[in-house]
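Hi there,

Here is the structure I promised to pass on.

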Amino acid sequence: MQIQESLVPEAQQILQANDRGGFTVPTAGLYPFQWLWDAGFTALGWMQFDEARAWQELDLLFQGQWSNGMLPHIVFHRPEATYFPGPERWGVARTPPTSAITQPPVVASVVRWMLERARNPVLAEEKIRSLYPRILAYHRWFKRERDPHNTGLVTVLHPWETGADNSPAWDEALGRVTVDPDLPPYTRRDTSHVDPSQRPHQSEYDRFLTLLEVYKRAGFDQLRLVRECPFRVASLLIDCVLHRANRDLLWLSERFGFGDEAEIAGWLEASRQGIESLWDEGAGLYFNRDLRTGQPIRVGVSASFLPLFAGTASPERARRLLGTLEAWAGRVRYLVPSTDPSSPRFEAQRYWRGPVWAVVNYLIALGFSEYGYGEMAGRIRQDTLELCETAGFSEYFHPLTGQGLGGGSFSWTAAIYLAWSQ
Ligand code: 9WN
């Protein structure tokens, strides 16, 4: 399908309007700070028309990096009252303040894609030389503090870390978190910006906020939380994105002679086995895992296809995944719904329980394309572009009607449009 050229300037204008002087907010009001994986995709969008600004996005993201290497999921560069929970509730004493959890670690892959697209390779190399040690420290943190027993799978401590906050995959694991009877009172802000039918339930928010109190009581001690946190899952979104990011980090290490290849190759061998242990032969899909019970979480979600993006799946498993997605395609108009549309838990307009997300589509399409399934990759790309062209640059989209949902003028949706327009 031909790109409507007119939307390229509009997508660029969205990034410019959401620019707060070096970092880009996902959308004004609803999300007024810098988010980790949003920043990665947004940098890729900036790369299409302003390379210096693209690299700056990552520089500002790393202003939030902790001394132990952790890259937090939100950097609160400046105070804003339109979002909850803000820096006061997180209680992290550093400048700039941040949250205390992470998000899908897309940065190393984004850096590689930016280098491959760079028209100014001198600037790219200069930036990569400064970013590389910080990304390596971040990935070492994952290994040291979130996979201390070298299982090959990261322990995820909050649904927000997965990026897919209210996915039905987390229902039971989150349901087992007892709401803190002394939970300090709070007022949600998200439902003042977006129709509540498109957002998580109150019972989920009470548990999201309870987990913050758990971390604070533990002094943010990761090794303790990996043992004791009441919410502990293995998330395909985190594990597959991290695996791919480590492949790209290894590639950067080789290319620039940083010399870390052996260490990274060791991580990759463990995570390849970890991810492949999540395969379910009967379902023809990968499932997330509940790490408190050790049991697979048997609900198909869009992340179930990400071992293609990681590159860990065998050709046979890739073929099965294609068949599974073709079956899903028979039930929706637009790919890829965030939850299996035949699942009783599928909700077409509720956030991560059904809607289509452009960034996840980008990763899944790349995966299919790299396994030789160009037709499916093209279908996913075309659906995404069509959604933007008919509904605008929404946060997410209704998989049956194409209606735009959640926040509007959304940075990462515009960025994916730009990245796919070249
Ligand atoms: C919590 C910013 C973020 C995305 C997440 C998405 C949503 C936040 C929220 O918005 O999460 O991190 O408050 O709902 O789920 O993937 O990074 O766009």
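In which hand of crossing does H2 pass H3? The crossing is left-handed (the near helix is turned anticlockwise from the far one by less than a right angle; clockwise would be right-handed).

Before the rest, two notes on conventions. Residues are numbered from 1 along each chain as its sequence is written. The model is predicted, so local features need pLDDT of at least 70 and side-chain atom pairs count only at pLDDT 80 or more, while totals for chains, interfaces and linings use all residues.

**Helix pairs**

Helix H2 covers residues 36-46 and helix H3 residues 51-61; they pack at an angle of about 165°, with axes 7 Å apart. Axes here are lines fitted to C-alpha atoms, for helices over the stretch in contact, with angles from 0 to 180 degrees between N-to-C directions. Helices (H or I, at least four residues) and strands (E, at least two) are DSSP runs numbered from the N terminus. H2 and H3 are therefore roughly antiparallel (over 145 degrees; under 35 is roughly parallel, 65 to 115 roughly perpendicular and the rest oblique). From H2, Leu36, Ala39, Thr42, Ala43 and Trp46 meet Arg53, Ala54, Glu57, Leu58 and Leu61 of H3 (contact: C-beta atoms, placed from the backbone, within 7 Å). By class, this contact of H2 with H3 has seven nonpolar, one polar and two charged residues (nonpolar: Ala, Val, Leu, Ile, Met, Phe, Trp, Tyr, Cys and Pro; charged: Asp, Glu, Lys and Arg; polar: the others, Gly among them).

Helix H1 (residues 7-17) and helix H18 (residues 411-420) have axes that come within 9 Å and cross at roughly 140°, which makes H1 oblique to H18. H1 also passes H18 in a left-handed crossing. On the H1 side the contact is made by Leu7, Val8, Ala11, Gln12, Ile14 and Leu15, and on the H18 side by Ser411, Ala414, Ala415, Tyr417 and Leu418. These divide into nine nonpolar, two polar and no charged residues.

**Sheet**

Three strands form an open antiparallel sheet in the order S3-S6-S7 (strands pair if DSSP finds at least two bridges between them). Its edge strands, S3 (233-234) and S7 (296-297), each pair on one side only. S6 (residues 288-290) pairs with S7 over two bridges, and asparagine 288 has isoleucine 297 of S7 as its bridge partner.

**Ligand**

Around the ligand are Pro26, Tyr31, Trp35, Trp37, Asp38, His73, Trp160, Gly163, Asp165 and Asp190 (C-beta atom, placed from the backbone, within 6 Å). This shell has five nonpolar, two polar and three charged residues.

Best wishes

Technical notes
Two residues are in contact if their C-beta atoms, placed from the backbone, lie within 7 Å.
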